[in-house]
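Please look through the structure shown here, together with its sequence, before reading on. The paragraphs that follow lead from the chain as a whole to its sheet, its cores and some single residues.

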Amino acid sequence: KIQVLRGTLGRTVLLHVKTKDSSAIASKNYISIDYDLPAMNLSVYELTVNVSIVVNELAEDDKVFSVEVSLISPSSRIIIAPTSAQVIIIDDNNVTIGFEKQNYQVSKHLGRIPLKIQVLRGTLGRTVLLHVKTKDSSAIASKNYISIDYDLPAMNLSVYELTV
């Protein structure tokens with residue numbers, strides 16, 4: 001969105017809006033724009049600039065590009081600030097699955113503890129097989145807890161509660 005932040009536009013001005021590549025590349029990651037927009041005589045004015053994102057199934061790092069705005073006929077009475085906005089394309093094809101918390105505490109009189117495994121980032125639209133295994137630390141298997149070592153199918157996982 002481009003807005004009048006202070007003052008009043010006393011006349012129609014022409015703005016130039018364009019995208020600029022960074023780690024995101026036009027046509028590969030997003031559809032570039034490069035055009036002029038009239039801004040009308042309003043005290044509260046807002047322009048929305050839409051940039052289309054290219055959707056693909058490739059797992060890749062997040063990508064960045066920017067959208068820049070400039071005044072076509074410079075004027076000492078009109079200041080554009082900031083002149084650009086950074087856009088981060090978050091790749092939700094990369095999925096991170098992990099425990100809800102890194103450390104859990106349990107009273108040994110309870111006999112079991114629920115551990116939550118969840119999607120921490122991205123969207124899981126398929127079944128995956130998670131290998132779940134306990135590992136000794138200061139607590140020793142068969143002395144302090146019953147060990148587990150198995151594969152857990154997770155389908156469309158958002159939160160999975162595992163009881164140990």
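Helices (H or I, at least four residues) and strands (E, at least two residues) are taken here as DSSP runs, and they are numbered from the N terminus. The model is a predicted one, in which local features need pLDDT of at least 70 and side-chain atom pairs count only at pLDDT 80 or more, while totals for chains, interfaces and linings use all residues. Residues are numbered from 1 along each chain as its sequence is written, and side-chain values use heavy atoms, with hydrogens and water left out.

The protein chain has 11 strands and zero helices, so that its elements, read from the N terminus on, follow the pattern β-β-β-β-β-β-β-β-β-β-β. Of its 164 residues, 26% count as buried, where buried means under 20% relative accessible area, exposed means over 50%, and partly exposed covers what lies in between, with a 1.4 Å probe and protein chains only. The accessible surface of the protein chain comes to about 11900 Å², and 51% of this surface belongs to carbon and sulfur atoms; such areas come from the Shrake-Rupley method with a 1.4 Å probe, and for residues only the protein chains shown count as cover. Among contacts (heavy atoms within 4.5 Å) between residues at least 6 apart in sequence, 61% join residues at least 24 apart.

Which strands form the open sheet, and in what order? Four strands take part, in the order β3-β2-β5-β6, and the pairing is antiparallel; two strands are said to pair if DSSP finds at least two bridges between them. The edge strands are β3 and β6 (84–89), each of which pairs on one side only. Neighbouring strands of this sheet are turned by 25° against each other on average, direction ignored, with axes drawn as lines fitted to C-alpha atoms (for helices over the stretch in contact) and angles running from 0 to 180 degrees between N-to-C directions. Within the sheet, β2 and β5 pair in the antiparallel sense over seven bridges.

At 12% relative accessibility, Thr19 counts as buried. Leaving aside neighbours within four places in sequence, Thr19 is in contact with Tyr30, Ser32, Ile33, Val51, Phe65, Ser66 and Val67.

Rings of Phe, Tyr and Trp (its six-membered ring) pair if their centres lie within 6.5 Å, and planes under 30 degrees apart count as stacked, over 60 as edge-to-face and the rest as tilted. Why is the pair of Tyr30 and Phe65 stacked? The ring centres of Tyr30 and Phe65 are 3.9 Å apart and their planes stand at 10°, so the pair is stacked. Because Tyr30 lies in the loop between β2 (13–21) and β3 (34–39) whereas Phe65 lies in strand β5 (residues 63–71), the pair ties together parts that are 35 residues apart in sequence. Tyr30 is buried, with a relative accessible area of 0%, and Phe65 is buried as well, with a value of 1%.

Nonpolar side chains tend to be buried together in soluble globular proteins. A nonpolar core is a set of buried Ala, Val, Leu, Ile, Met, Phe, Trp, Tyr and Cys residues joined through side-chain atoms within 4.5 Å. The largest nonpolar core has 16 residues, and those with the most contacts inside it are Ile2, Leu15, Val17, Val49 and Phe65. Strands β2, β3 and β5 each supply at least two residues of this core, and the largest share, four residues, comes from β5. Apart from it lies another core, of nine residues, among them Val128, Leu130, Val132 and Leu152.

Strand β5 also holds Lys63, which is buried with a relative accessible area of 18%. Not counting residues up to four places away in sequence, Lys63 touches Ser23, Ala24, Asn29, Val87, Ile88 and Ile89. Lys63 and Ser23 are 40 residues apart in sequence, yet 5.2 Å apart in space, C-alpha to C-alpha.

Two loop residues complete the picture. Ser27, in the loop between β2 and β3, has a positive phi of about 80° although it is not a glycine, and at 61% relative accessibility Ser27 counts as exposed. Ser142, in the loop between β9 (127–133) and β10 (149–155), has a positive phi near 70°, again in a residue other than glycine, and Ser142 counts as exposed at 74% relative accessibility.
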